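Colleague: I would like to learn how to read a helix and its surroundings. Please take me through one case.

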Amino acid sequence: MEIYGIDLDRYSKVIIDIGLNLQVGEELVISAPIESAPLVRQVTKYAYKKGAKLVTVFYSDDIVSRETFLNVDTDIIADIPLHVKSGKDYIVQKKAVYLGILCDDPTVFDGVDPLKIVARQKAIVKACPEYRKSLDTNSTRWCLVAFPNKKWADLVFGNKEDSITMLGEKIATAMWIDKENYLELWQEHTQKLKERSQFLNNAKIKSFTYKNSIGTNFTIDMPQDYIFSGANEKGNLDGVDFVANMPTQEVFSSPDFRTANGTLVSSMPLVVNGVIVDNFKFEFKNGEMVSYSAEKGLETLESILSIDDGMK
């Protein structure tokens with residue numbers, strides 16, 4: 001089955017076999033916008049074919065969420081309903097694997113008070129600590145993938161009739177599902193990321209310096225005995241490999257935040273909480289952010305930074 005230039009059969013196999021590495025008898029929980037229903041249905045079908053015990057789907061609707069943020073007081077928005085908490089706790093209790101599908105309109109929350117969005121996010125984190133911990137520690141195997149949205153496509157390709165198919169084709173290319181040997185390519189890729197991680201681990205790097213032509217000049221040190229990891233990780237409870245973000249070129253580690261110094265200037269816009277933040281800049285001194293700015297979306301940027309109690 002194909003939609004928007006994406007072969008959903010192939011996409012589902014990549015998600016289930018490589019991303020989540022679903023095992024026979026495991027439960028799968030999917031969180032997805034309603035626009036991505038065609039992919040959800042195909043993933044569900046393939047998950048059962050692979051031996052899933054149960055597939056549970058939680059749909060969301062950003063248009064409904066927008067109306068809620070515009071019309072409901074912050075204290076009510078921050079009062080997390082029991083069914084939301086129960087849904088997230090269910091993933092932990094059942095030791096289910098978790099799939100999140102991203103299919104967002106990058107501007108859906110333009111005009112919404114960003115403090116309301118942040119209040120909601122903070123409340124969910126506080127209400128569901130075990131869920132967050134399970135993702136952070138890989139006790140839950142999880143995967144995030146993309147599905148095209150018309151508003152997103154129009155922003156990238158212009159308001160064209162076939163923009164959503166153009167975006168879908170780009171996603172298919174990034175996921176290699178436009179190639180016959182797509183599963184083999186993913187297996188080779190995850191192995192390469194492991195090798196790159198090992199190369200960095202053996203390099204005994206002292207510090208990184210980042211520069212670009214628009215003002216970035218930033219340095220940060222690595223701690224002793226640092227560890228780099230690739231996108232291919234292992235579930236903490238079962239040791240089963242999975243890929244948390246797809247597509248990915250990610251090789252990552254944790255630097256010594258206390259040594260962060262210099263300036264970071266964005267070269268691309270950031271879409272966060274349904275708002276575009278563009279031309280933004282951060283200044284660091286000895287691990288503290290001492291100033292920041294943005295030409296677009298500053299209020300949203302400020303709301304993001306307010307989440308961290310350690311911000312200056």
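**Around helix H8**

Modeller: Helices (H or I, at least four residues) and strands (E, at least two) are DSSP runs, numbered from the N terminus. This is a predicted model, where local features need pLDDT of at least 70, side-chain atom pairs count only at pLDDT 80 or more, and totals for chains, interfaces and linings use all residues. Residues are numbered from 1 along each chain as its sequence is written, and side-chain values use heavy atoms, with hydrogens and water left out.

Colleague: Which residues of H8 are buried?

Modeller: An α-helix has 3.6 residues a turn, so residues three or four places apart point the same way. In H8, Ala153, Asp154 and Phe157 are buried (under 20% relative accessible area; exposed is over 50%, partly exposed in between; 1.4 Å probe, protein chains only). They lie on the same side of H8, because they cover an arc of only 100° around the axis, taken from the directions from the helix axis to the C-beta atoms. Helix H9 (163-174) is included in what covers them, by contact, meaning heavy atoms within 4.5 Å.

Colleague: Where is Phe147 placed?

Modeller: Phe147 sits in the loop between strand S6 (142-146) and helix H8 (150-157).

Colleague: Is Phe147 buried or exposed?

Modeller: Phe147 is buried, its relative accessible area being 0%. Leaving aside neighbours within four places in sequence, Phe147 has contacts that include Tyr4, Leu39, Cys103 and Trp152. Leu39 is 108 residues away along the chain, yet the two C-alpha atoms are separated by 7.8 Å.
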